[in-house]
Amino acid sequence: MSLAAVGIIGIVCLLLVLFLLGMPVGFAMAIVGFCGFWHVVSFNAAVNMVGTDVWATFSQYGLTVVPLFIFLGYLAFNSGIADRLYNAAYKWFGHWRGGLAIATIGADELFAAICGSNTATVATMGAVALPQMKKYGYGALLSSGTVATGGTLGTVMPPSVVLIIIGLQTEQSIIKLFLAGILPAILLGSLFFLTIFVLCRIRPQLGPAGPKTSLREKMKSLWGVIEAVAIFILVIGGLYVGVFTPTEAGAAGVFFTLAVTVPFGRLKWKGFIDSFKDTLKISAMVFFLVTGAIIFGRFLAITRLPFNVAEFAGSLPVSRYVILAIVLVIYIIGGCFVDSLGFLVLTIPIFFPLGLALGFDPIWYSIILTMVTTMGAITPPVGVNIYVVKAINPEIELSTIFKSITFFLIACLVSIVILIIFPEISLLIPHMAR
Amino acid sequence: MDFLEKMSRLLNQGLLWIAGLLLAVMIALTCGNIFFRVVWVPIRGTFELMGYLGAVVTAFALGYTEIKHGHIAVDIVVLGFPKKLQRVLNGLNGIVCTAFFAIVGWQVAKYATTLWRTGEVTETLRIVYFPFTYAVALGCFSLALVFLVEGLQSFLGTREEEK
């Protein structure tokens, strides 16, 4: 049997273990990678490989960025920063038709700039924005989709856990990936604004205008934005000018967040402990996801399957954008059934070398993959954001959320097309940086 | 069975608290390094210590994360199976993962022993680092224990259902 055939059998086994045993993605990749390595090389080599890889990956300095940025996000989550952001956005946009939905996306965009977790962003904004939108008579068709989709901005806007994982897995600069995510996240947010605007023009009853607020109230509310903006400037600005490594930026962000929340009693002891627990839980998950991908990648590398696929795709007499479109469709379909982060980690060993072989810029290609991965968080049946919204407000029917999501999915697709046509949108800031 | 479950829970709870403390140390160390780099000289060996501390922090949280079902899994197909089959598959999953993490823990511990015997030290601080490696092995063993408990619970549950 050829090595490539062994690689294909390995992928089939991985899918069987994933779907039929329900084994966690990271563990499934590690175990199938281990067994494949054992089959191709030897048991002793496989055993040595997993032991060495687990220690080498876990003790990598580069990975320490993960717990620090996750901790930063959870501190922001538990200290009420999101409430103040929403309040400010609400004071400025609440009196417009669909203004509360626009305020939600605006607050999402700002909160995403300090919190790298998609789920934390949805949970926070959902708890704040859904009751407000209900109070002012917003239709669930608009409110549920707005909250579920707004969270996806956290995946693209730095500091994003997904970008960190892509950087670690593909050995790219996390700083450049962070900088490359800023403009695409703003583009995506703007298209969400446009979606809300159009929906409220067509069906005004979906988002009736809220009460007007005075200029004084508006200005006063801006205080709530200052801390989030300051954290973003410290973290991303520090990375941009080269003062911090990504790990240092995370630690500095944590220190600053504690300094602006603890003295004012905004972070309670329970919130502090919960932040630690959630950070450790997610960090352990991410670390093993990366380790599993490395072990599986070693197995695939000895079968030469990723290189063969890349060579084959590169030799096809079609435009590279046709192949890119096929890859994106695979991600959209895969994201419907597998957790989006898990699917990304699972497929990068195959699709990243493919992108490079097709001559795409690795930073731009990573951002495109991140954008399409965000869609996995809102596509049924396993879109996690949908269930977070349902959990926050059980009265909203799942079918309503699915329907609502459709409008925003169009915005996601349009943003990907724009990024493909204008790659400079993601490459401009990384090229400007030192 | 109850004893195993209690032991697994206590062990992983204890490791989680240590992981939390070490995470706080990581933050303090990095912030201290930034501060001293600006006002005087950087703290020597920060990068290598951060790597080792990060390894222990996450290895100690592996078991707790599994107890809380925090590792991403694709259960969309499994949930469609009859309850009894689900239990059998969960049991199988638990046993396979127990064996795998026991092997990983064993290998990492073996590597730590080699580091200890050869007196291997870190590049900058010149300190031994095998204790960190043993700690990662302990994290893997504690995860294996969680899977063992989950696997046994699934199989015993199936037996009780049959009775």
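This is a short tour of chain B, its contact with chain A, and two buried side chains in chain B.

Before you click, note that this is a predicted model: local features need pLDDT of at least 70, side-chain atom pairs count only at pLDDT 80 or more, and totals for chains, interfaces and linings use all residues. Residues are numbered from 1 along each chain as its sequence is written, chains are lettered from A and ligands numbered from 1 in the order in which they are written, and side-chain values use heavy atoms, with hydrogens and water left out.

**Stop 1: chain B by itself**

You'll find four helices and zero strands, running α-α-α-α from the N terminus. Helices here are DSSP runs of H or I with at least four residues, strands are E runs of at least two, and both are numbered from the N terminus.

Of the 163 residues, 48% count as buried (under 20% relative accessible area with a 1.4 Å probe, protein chains only; exposed is over 50%, partly exposed in between).

**Stop 2: where chain B meets chain A**

Now bring chain A back. The contact (heavy atoms within 4.5 Å) takes 57 residues from chain B and 54 residues from chain A. Together they bury about 4,700 Å², 83% of it on carbon and sulfur atoms. Buried area is the accessible area (1.4 Å probe) that two parts lose on being put together, summed over both. Pick out I72(B), V74(B) and F100(B): in chain B these lose the most area to chain A, together 16% of what that side buries.

Next, select E248(A) and R37(B), whose side chains meet in a salt bridge at 2.7 Å, N to O. The count between the two chains is one, using a side-chain nitrogen of Lys or Arg within 4 Å of a carboxyl oxygen of Asp or Glu.

Which helices of chain B supply at least two residues each to the side that touches chain A? They are helix 1 (2-39), helix 2 (46-67), helix 3 (83-118) and helix 4 (130-162). Helix 2 gives the most, with 14 residues.

**Stop 3: N12(B)**

Zoom in on N12(B), in helix 1 of chain B. N12(B) is buried, with a relative accessible area of 0%. Not counting residues up to four places away in sequence, N12(B) touches G63(B), Y64(B), I67(B), S142(B) and V146(B). With S142(B) there is a side-chain polar contact of 3.4 Å (N or O atoms within 3.5 Å; within protein, one able to donate a hydrogen and the other to accept it, and residues adjacent in sequence count only if both atoms are side-chain atoms). A polar atom of the N12(B) side chain also lies 2.9 Å from the backbone oxygen of S8(B).

**Stop 4: Q86(B)**

Finally, move to Q86(B), in helix 3 of chain B. Is Q86(B) buried or exposed? Q86(B) is buried, with a relative accessible area of 10%. Its side chain reaches the backbone oxygen of V78(B) at 3.3 Å, and a polar atom of that side chain lies 3.3 Å from the backbone oxygen of L79(B). Draw one more distance: the C-alpha atoms of Q86(B) and S154(B), 68 residues apart along the chain, are separated by 8.6 Å.
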